[in-house]
Amino acid sequence: MLRTRQMDPGDCPAVEQLFRECFSHPWEGKAIEAMFTAGGYYSLVAENEKNEIIGYVGMRSVCDEADITNVAVRPDARRKGIAHLLVRRLLEAAGQEGIRSVYLEVRASNRPALLLYEHAGFRVCGRRRDYYTEPTEDAILMICENIP
């Protein structure tokens, strides 16, 4: 049984481990913990039936705009709709907070993520040259303006 909920400070170690499994440059624990003292952050986690955190999505908002900071799903839990569910729930929360547009960057080669975001209502609005490292790669900038 999959469950999503708002992240709390006690989840930081598990989210840090998830980031290490998913990203070439993961956020460290202090950066994750800082979300709880800085304004404008909202994060959700997904838990499996064992209450293990297997997914994460977060956004940072300013006024009526937001930026999705990270979407992560544990490698052994991918392709099961977890990222889609997390993004959908995040957009719902954004709408409840009066957010009118949500942006994100995604690696140009990450076709599964591009399809996920398109399916969630995002469209391409730009490109950031050499945005990512290890390997160096462009980012596709996307926006969603149809916030539920």
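Trp 27 is partly exposed in this predicted model, with a relative accessible area of 26%; on this scale, buried means under 20%, exposed over 50% and partly exposed in between, for a 1.4 Å probe and protein chains only. Phe 19, at 1% relative accessibility, counts as buried. A search of the whole structure finds five aromatic pairs. Rings of Phe, Tyr and Trp (its six-membered ring) are paired if their centres lie within 6.5 Å, and planes under 30 degrees apart count as stacked, over 60 as edge-to-face and the rest as tilted. Tyr 131 is partly exposed, with a relative accessible area of 42%. Ring pairs also link Phe 19, Phe 23, Trp 27 and Tyr 56 into a cluster.

Residues are numbered from 1 along each chain as its sequence is written, and side-chain values use heavy atoms, with hydrogens and water left out. Because the model is predicted, local features need pLDDT of at least 70 and side-chain atom pairs count only at pLDDT 80 or more, while totals for chains, interfaces and linings use all residues.

Phe 19 leads on to helix 1 (residues 12-22), whose buried residues are Cys 12, Val 15, Leu 18 and Phe 19. Helices (H or I, at least four residues) and strands (E, at least two) are DSSP runs, numbered from the N terminus. An α-helix has 3.6 residues a turn, so residues three or four places apart point the same way. The cover over these buried residues includes helix 2 (29-34), strand 2 (41-47), strand 3 (53-62) and strand 4 (65-73), where contact means heavy atoms within 4.5 Å.

After helix 4 comes Gly 121, with a positive phi near 110°.

Strand 4 also holds Asp 67, which is buried, with a relative accessible area of 17%. Not counting residues up to four places away in sequence, Asp 67 touches Gly 58, Met 59, Arg 60, Tyr 103, Leu 104 and Glu 105.

Finally, which element supplies the largest share of the lining of the largest pocket? Strand 4 does, with seven residues. The lining has 36 residues, of which Phe 23, Val 71, Asn 110, Ala 113 and Tyr 117 lie nearest the centre of the pocket. A pocket, on a 1 Å grid over the protein atoms alone, is an open set of points where a 1.4 Å probe fits, with protein on both sides within 12 Å along at least five of seven lines, and lining residues have an atom within 4 Å of a point.
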